[in-house]
Amino acid sequence: MLFRSLRSLYDWVLTWAHSPYALPALAVVAFAESSFFLIPPDVLLIPMVLSKRHKYLAFASTATLASVLGGLAGYLLGYFAWQTLGVWLVEHVMRVELIEVAGRLDIALPAYIANFLALESPYLFQAFAQYNAWVVFVFALTPLPYKLITISAGFAQVNILVFMLASLAARGARFFAVALIMHRYGATAQTFIDKYFNLLTIAFIVLLVLGLLLVKAV
């Protein structure tokens, strides 16, 4: 039932890619995905670039700026409404379990991430306490729920200027990379991604682990 619902939502978002309102739809999805929505803006960005390759910079810029603004909305939500709306979104929309640690709710991290970051305790707010913007930057690049990081960063009271700069750098890198690949290689790239999605996912995880090792070394 959940899979069918997500698939229907995915297909509905995709229908906007070739409509006259594709650009504002991209902005809305990118904004919403950073704070509460489930479908990533790449679903719109890829077919939009494929249909109008000469506008790839405009599309990537729109996705980046809207995503950063949506991230700010998520940050403010976590800062002002963590105990009510923030916790509800994390538990019921993102389906992430919250664990009480030292008198407050926290999010357990995979052991390999906690070990690579040399955390005193394997929880997200400990990562924020030790690495601040690095956590925002690393997770903003990944397919992991960016909204989880934006809301949590607000509750953790990460420096808001650092948060915005890290979000801009990471989300810009992600969306401009996707747009550039689609601009240069077009439908061939999309076919390759569909065919080798599992292998690409594994490769991406390996790169993420290497990135975390670099963070630890620094």
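Which handedness, left-handed or right-handed, does the crossing of α2 and α3 have? The crossing of α2 and α3 is left-handed, a term used when the near helix is turned anticlockwise from the far one by less than a right angle, with right-handed meaning clockwise.

**View 1. Overview of the predicted protein chain.** This is a predicted model, in which local features need pLDDT of at least 70 and side-chain atom pairs count only at pLDDT 80 or more, whereas totals for chains, interfaces and linings use all residues. Residues are numbered from 1 along each chain as its sequence is written, and side-chain values use heavy atoms, with hydrogens and water left out. The protein chain has 10 helices and 2 strands, taken as DSSP runs numbered from the N terminus (helices H or I, at least four residues; strands E, at least two), and along the sequence they follow the pattern α-α-α-α-β-β-α-α-α-α-α-α. Of the 218 residues in the protein chain, 43% are buried (under 20% relative accessible area, with exposed over 50% and partly exposed in between, for a 1.4 Å probe and protein chains only).

**View 2. Packing of helices α2 and α3.** Helix α2 (residues 22–33) and helix α3 (residues 42–51) pack with their axes 9 Å apart and at an angle of about 155°, where axes are lines fitted to C-alpha atoms over the stretch in contact and angles run from 0 to 180 degrees between N-to-C directions. The two helices α2 and α3 are therefore roughly antiparallel to each other, the word for angles over 145 degrees. From α2, the residues A22, L23, A25, L26 and V29 meet L44, L45 and M48 of α3, a contact being heavy atoms within 4.5 Å.

**View 3. The largest nonpolar core.** Within this core of 32 residues, V90 and F128 touch the most other members; a nonpolar core is a set of buried Ala, Val, Leu, Ile, Met, Phe, Trp, Tyr and Cys residues joined through side-chain atoms within 4.5 Å. At least two residues of this core come from each of α4 (56–93), α6 (124–131), α7 (133–141), α8 and α9 (160–195), and α4 supplies the largest share, 6 residues. A second, separate core of 17 residues includes A22, V29, Y56 and V178.

**View 4. Surroundings of A156.** Residue A156 lies in helix α8 (residues 146–156) and, at 28% relative accessibility, counts as partly exposed. Leaving aside neighbours within four places in sequence, A156 is in contact with F125 and F128. A156 and W82 are 74 residues apart in sequence and 9.8 Å apart in space, C-alpha to C-alpha.

Technical notes. Parallel < 35°, antiparallel > 145°, perpendicular 65-115°, else oblique.
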